[in-house]
Each structure stands twice: as structure tokens, then as C-alpha cells.
Amino acid sequence: MDIGLFYTGGEGCGHDSPEPTIEAINLKPWQAMITKIAKDLFNNKLKPTDLHKGLIDRTFKELNTAAKAGFGAKYATDATGIKMQQHLFRFSVAKTYQQLEQMHGFLVDKNGKLVSYPQFEKKVQQVHETFNRTYLQSEHRTVKRSSQAARQWAQYQSDKDIFPNLEYIIVGDDKVREEHEKLSGIILPLDDFFWNDNYPPNGHQCRCSARPTDKKANGRRPKIDIHPAFRNNVGKTGVVFAENGHPYFTMDKKANKAYKEYLDGQGK
């Protein structure tokens, strides 16, 4: 799926949250770096596959801060928290490549002619605004909610001798996605395979939750269309966005090689 469609449209991804828009980050400190990136791309001193440590580190810092806020004090030392940190770093590297690749694509016009630097920098700034305001705001919320869910999952496991089942809970207003409404009231054992793919959050700005219960399991397992990027249990894996489903991780062989080499070099 196209990155823009993943974040702004498509089935299950266009949910409007009743929460006010938040500023996940202050973009002003990024400005000098983005301008330098534009100049280096234009002068062929930087290629998308070179990646960019500053951009990676800023992205990771914002997402990691959101995860820590959701998970709590034990985030840095908990086994699941550590997995989340590693995942968010990989996510930040992949996102940086995709961002640079989009910027690089504006070097020439539709006729293959090199554009002027002012034209190019304007496009670069637009890509930056999209990735690091629009997309990052959504990622920031999802990471925070997911880290809360991961912490809760650990608590559910420790209490499962008292509350062996989980119940899927929706908010119940007119903003709930149709697919998520189908999950409302499902009660299944905590260890049921259903929770491997359906443990919330199950989409951008998903407000669903699961709560422990001693109610009898009802065996409901409806088939619903959850985007592959969210078909995951963050409490088990430490993964917020499934890497076989999120478009940031769609790369050609050359880009994938650069991505893996960067991770190897960082010990991630």
C-alpha cells in the first residue's frame, strides 16, 4: 500500500478520533537539518540509501518518548520494553529511507529535467511536513497507546489465575469503525490464538481495549479486516507496527541492503 494511503485513507485507516489534534513534536529544531538534507540531495552528496543519522535519531527520540510515556517507569529495563525500543529504532531507519526517497524523487520534473534548487527545497519541506507532522502525530499516538497495551498485557498474564479471560471493549460511539464493532463483547481465554492478531490497538487512533474478566468465554471469533501492519499483539512481540505490513518496510534490494547494514552497524 502507498504510504500516503496508509496514513490518510483506505479501509480501516481513515478513522477520525474525537481527541484534539496534538503536536507530537516541535519541528523548529529540525529545520536546519532538513535544509542541509535538501542541499546535500540536490548536490548529490546524499542518496536515500545513505540514510541520515540525524533524521533517524530525531524520529526515534520522539517515538521512544511516546512509548516510555505509555509504558511507564520500567520501559527501559522490561523485556517487552526493550523489544519495543529495538522495533522503534528499526521503524525510524525504515521511515528515514522512505522520506529521503520521496524527497529525492523531486529532483527532476515529469520530463526528466533537473528542477531549480528553490523548487526542490519547497518540495523537500512539504515531504518533511507530511512525514514529521502528519504521519508522526499518528505514529506518536499509536505508539503511546500500544505501549500502554503492552504493559497491561503483562499485568493480565500475572493475574490470569484470577481472571483467565479477556473481553474486547469498544468505546461505543458513532466513531467506532464497523470492523471493530464486530469485535465488541468477544470473551476468550487470555492464551487463545485470537489475541495474537486482534489485541488492540487495531488501527490508527484505535480506542478499543481489552479487559480481564472471569466471565465465561463465548467462543466468538469473527473474521475482520485488520490492516496487516496492526495484525499483531504488542504485549507479546514488542512490535507496534508489524514489519511485514507497514509500507515503510517495503524496499527494493539495494535499499534493503543499506537498511540492514545500518542496523548491523548500530548493533540493532
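This is a predicted model: local features need pLDDT of at least 70, side-chain atom pairs count only at pLDDT 80 or more; totals for chains, interfaces and linings use all residues.
Helix 2 (residues 31-42) packs against helix 5 (residues 117-158) at an angle of about 130°, and the two axes lie 10 Å apart. The two helices are therefore oblique to each other, and helix 2 passes helix 5 in a right-handed crossing. On the side of helix 2, the contact involves Gln31, Ile34, Thr35, Ala38, Lys39, Leu41 and Phe42, while helix 5 contributes Tyr117, Phe120, Glu121, Val124, Gln125 and His128. Classified by residue type, this contact comprises seven nonpolar, four polar and two charged residues.

Asparagine 233 is located in the loop between strand 3 (209-213) and helix 8 (234-237). Its relative accessibility is 1%, so asparagine 233 counts as buried. Leaving aside residues up to four places away in sequence, asparagine 233 touches Trp153, Trp195, Asn196, Tyr199 and Gly238.

The model contains 13 salt bridges. Within helix 2, lysine 36 and aspartate 40 are four residues apart, about one turn of the helix, and form a salt bridge whose closest N and O atoms are 2.7 Å apart. Lysine 36 is partly exposed at 46% relative accessibility, whereas aspartate 40 is buried at 14%. A salt bridge also joins the side chains of glutamate 243 and arginine 90 (2.9 Å, N to O). This pair links distant parts of the chain, 153 residues apart: glutamate 243 belongs to the loop between helix 8 and helix 9 (253-266), and arginine 90 to helix 4 (residues 79-104). Glutamate 243 is partly exposed, with a relative accessible area of 27%.

Key:
Residues are numbered from 1 along each chain as its sequence is written. Side-chain values use heavy atoms; hydrogens and water are left out. Axes are lines fitted to C-alpha atoms, for helices over the stretch in contact, and angles run from 0 to 180 degrees between N-to-C directions. Angles under 35 degrees count as roughly parallel, over 145 as roughly antiparallel, 65 to 115 as roughly perpendicular and the rest as oblique. A crossing is left-handed if the near helix is turned anticlockwise from the far one by less than a right angle, and right-handed if clockwise. Contact means heavy atoms within 4.5 Å. Ala, Val, Leu, Ile, Met, Phe, Trp, Tyr, Cys and Pro count as nonpolar, Asp, Glu, Lys and Arg as charged, and the others, Gly among them, as polar. Buried means under 20% relative accessible area, exposed over 50%, partly exposed in between (1.4 Å probe, protein chains only). A salt bridge is a side-chain nitrogen of Lys or Arg within 4 Å of a carboxyl oxygen of Asp or Glu.
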